[in-house]
Amino acid sequence: PIPCVPWQSQTSGQYQRRVHGTNFGSRCAAGGGYSQVIPMEEFNLHLTGDIHAVTAANNLCAAALDTRMFHESAQKDGALFRRMCPKKKDGSRAFSPIMLRRLKKLGINKTNPDDLTKKEKSRWARLDIDPDTVTWKRVVDINDRALRGITVMKGAQEKGRTRETGFDIAVASEIMAVLALTTDLTDMRERLGNMVLGQRLAR
């Protein structure tokens, strides 16, 4: 087995490559000639924080943000609240732990969805993000200058809600920085939750 070291080089003829990946603040190598790790697929896909995993997480966040802004612009407060906190089979509603965390941030000290006032439901259900202030971009692992500035939401079903954005290279994603700096899963969740995507509209 190759120990966790700052760098691990492999040389074959005139070809040299460095195999490394960040994993909770450490750089670990995965290679060693004919040595293999079983099961190989799981190891190669995610153990060392491959770029494609960061790309997928970053772009999932971007897609969710655009979808959220679209639905907030197209729905009234009541409908938006019911979609986000639907009734169970027995007719009751319940907040999940992450929903309760948002309520706490808003200063709403209630745990029963039915106890919220109309104003509190609106504050909880709407992020009210100003599209012109969104700083979160999609990423791709190619330095493609044609994608640095793009217009999204141009489809007929988007009802004219276009906005200007762009692509960064994958390693520039803030998620990549979090992966390199984090110390454990709890710390990672906290850092990811503190990322800023944009600013709220002034109400």
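In the predicted model, the secondary structure of the protein amounts to 7 helices and 8 strands. The protein has 203 residues, of which 29% count as buried. When contacts between residues at least 6 apart in sequence are considered, 56% of them join residues at least 24 apart.

Two packed helices are described by the angle between their axes and by the distance between those axes. Helix H2, which spans residues 51-74, packs against helix H6, residues 174-181, at an angle of about 125°, and the two axes lie 9 Å apart. This angle makes H2 oblique to H6, and the crossing in which H2 passes H6 is right-handed. On the H2 side the contact is made by Ile-51, Val-54, Ala-57 and Asn-58, while H6 contributes Ile-175, Met-176 and Leu-179. Sorted by class, the contact of H2 with H6 comprises 6 nonpolar residues and 1 polar residue, with no charged residues.

Helix H6 also packs against helix H7, which covers residues 185-193; the axes of H6 and H7 come within 10 Å and cross at roughly 150°. Because an angle over 145 degrees counts as roughly antiparallel, H6 and H7 are described as roughly antiparallel to each other. The crossing of H6 past H7 is right-handed. In this contact, Ile-175, Val-178, Leu-179 and Leu-181 of H6 meet Asp-187, Met-188, Arg-191 and Leu-192 of H7. The residues of the contact of H6 with H7 divide into 6 nonpolar and 2 charged, with no polar residues.

By class, the contact of H3 with H5 holds 5 nonpolar, 1 polar and 2 charged residues.

Although Lys-121 and Phe-81 are 40 residues apart along the chain, their C-alpha atoms are separated by 6.5 Å. Leaving aside residues up to four places away in sequence, Lys-121 touches Phe-81, Pro-113 and Leu-116.

When residues up to four places away in sequence are not counted, Val-134 touches Leu-65, Met-69, Ile-129, Arg-163, Leu-197 and Gly-198.

Several loop residues complete the description. Asp-128 lies in the loop between helix H5, residues 118-125, and strand S5, residues 138-140. The phi angle of Asp-128 is near 55°, a positive value in a residue other than glycine, and Asp-128 is buried, with a relative accessible area of 11%. Met-153 is found in the loop between strand S6, residues 150-152, and strand S7, residues 163-165. The phi angle of Met-153 is near 65°, again a positive value in a residue other than glycine, and Met-153 is buried, with a relative accessible area of 18%.

The loop between S6 and S7 is also the place of Thr-162, which is partly exposed, with a relative accessible area of 43%. Not counting residues up to four places away in sequence, Thr-162 touches Thr-151, Val-152, Met-153 and Lys-154. Thr-162 and Phe-70, which are 92 residues apart in sequence, are 10.0 Å apart in space from C-alpha to C-alpha.

Note on methods:
Residues numbered from 1 in each chain as written. Predicted model: local features only at pLDDT ≥ 70, side-chain atom pairs only at ≥ 80, totals over all residues. Heavy atoms only, no water. Axes fitted to C-alpha atoms, helices over the stretch in contact; angles between N-to-C directions. Helix = DSSP H or I, 4+ residues; strand = E, 2+ residues; numbered from the N terminus. Parallel < 35°, antiparallel > 145°, perpendicular 65-115°, else oblique. Left-handed = near helix turned anticlockwise from the far one by under 90°. Contact = heavy atoms within 4.5 Å. Nonpolar A, V, L, I, M, F, W, Y, C, P; charged D, E, K, R; others polar. Buried < 20%, exposed > 50% of the residue type's maximum accessible area, 1.4 Å probe, protein only.
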